[in-house]
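Work through the exercises below with the structure in view. Each task is followed by a solution in steps.

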Amino acid sequence: MTLRVLGVDPGLTRCGIGVVDVEKNRRATMVAFGVVGTSPEESLDQRLLVIATSIDEWLDQYEPHVLAVERVFSQLNVSTVMGVAQASGVVIAAAARRGIPVALHTPSEVKAAVTGSGTSNKDAVTKLVTKILRLDAPPRPADAADALALAITHAWRSGSGTSTKDAVTTGPGSQSLTPAQRAWADAEAKARRAR
């Protein structure tokens, strides 16, 4: 069975979306990616409506087995955190209406999964996403690459990519994990200990 994951890098101005299919052997293939943009000139309700309408269209068109969303984390800019949280809520609610499981991943977990280091920069993530998905060119803008990275991270989480249930509820533990997947498992364990 192929696992289809829709990844979302939430934001009010730019909300990255990426869909990836992962086979039993962990081979990941890009299905689609894009960015939903809204203008800061628009009212908050209209901006959230644009994101809600777009995510509904993506969910209906691509029918993912699971949704992977970047976990909101603390930043110095409170207004940015609020916008990301509001966009995340709209996306999570859209999946919940359809009964699609949702998983949240921190930026460091995603970086560790795709690059082997939880401290990698955006360029490194984009480069590895391009390589993992065998793309001719890097996905642009970076928000789209981040969404694809989220989808890859989630699919690799179970170490199999074959079971929706396993991909949502279990962590890495297989001895056949790639170095990037082992690094992700280490980053996840550190994040849990830090809570």
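**Exercise 1.** At what angle do helix α1 and helix α2 pack, and how far apart are their axes?

*Solution.* The model is a predicted one.
Step 1. Locate the two helices: α1 covers residues 44–62 and α2 covers residues 78–98.
Step 2. Their packing angle is about 35 degrees, and the axes lie 9 Å apart.
Step 3. For the handedness, the crossing in which α1 passes α2 is right-handed.

**Exercise 2.** Which residues of α1 and α2 meet, and how do they divide by class?

*Solution.* Step 1. On the α1 side, the residues are Leu 44, Leu 48, Ile 51, Ala 52, Ile 55, Asp 56, Leu 59 and Asp 60.
Step 2. On the α2 side, they are Gln 86, Ala 87, Val 90, Val 91, Ala 94, Ala 95, Arg 97 and Arg 98.
Step 3. By class, the contact of α1 with α2 has 11 nonpolar, 1 polar and 4 charged residues.

**Exercise 3.** Find Asp 56 and list what Asp 56 touches, not counting residues up to four places away in sequence.

*Solution.* Step 1. Asp 56 sits in helix α1.
Step 2. With those sequence neighbours left out, Asp 56 touches Ala 94, Arg 97 and Arg 98.
Step 3. Take Arg 97 from that list. Along the chain, Asp 56 and Arg 97 are 41 residues apart, while 9.9 Å separates their C-alpha atoms.

**Exercise 4.** Describe how helix α3 packs against helix α5.

*Solution.* Step 1. Helix α3 (residues 107–115) and helix α5 (residues 142–157) pack at about 75 degrees, with 9 Å between their axes.
Step 2. Angles of 65 to 115 degrees count as roughly perpendicular, so α3 is roughly perpendicular to α5.
Step 3. α3 makes the contact through Glu 109, Val 110, Ala 113 and Val 114. From α5 come Ala 149, Leu 150, Ile 152, Thr 153 and Trp 156.
Step 4. The classes in the contact of α3 with α5 are 7 nonpolar, 1 polar and 1 charged.

**Exercise 5.** What is the volume of the largest pocket, and which helix supplies the largest share of its lining?

*Solution.* Step 1. The volume of the largest pocket is about 500 Å³.
Step 2. The lining holds 26 residues, of which Asp 9, Glu 70, Phe 73, Lys 122 and Asp 146 are the closest to the centre of the pocket.
Step 3. At least two lining residues come from each of α2, α3, α4 (122–132) and α5. The largest share, 5 residues, is supplied by α5.
Step 4. Sorted by class, the lining has 12 nonpolar, 6 polar and 8 charged residues.

Technical notes: Residues numbered from 1 in each chain as written. Predicted model: local features only at pLDDT ≥ 70, side-chain atom pairs only at ≥ 80, totals over all residues. Heavy atoms only, no water. Axes fitted to C-alpha atoms, helices over the stretch in contact; angles between N-to-C directions. Helix = DSSP H or I, 4+ residues; strand = E, 2+ residues; numbered from the N terminus. Parallel < 35°, antiparallel > 145°, perpendicular 65-115°, else oblique. Contact = heavy atoms within 4.5 Å. Nonpolar A, V, L, I, M, F, W, Y, C, P; charged D, E, K, R; others polar. Left-handed = near helix turned anticlockwise from the far one by under 90°. 1 Å grid on protein atoms, 1.4 Å probe; cavity = no way out; pocket = protein on both sides within 12 Å on 5 of 7 lines; lining within 4 Å. Points joined across faces, edges and corners; volume = space filled by probe spheres on them.
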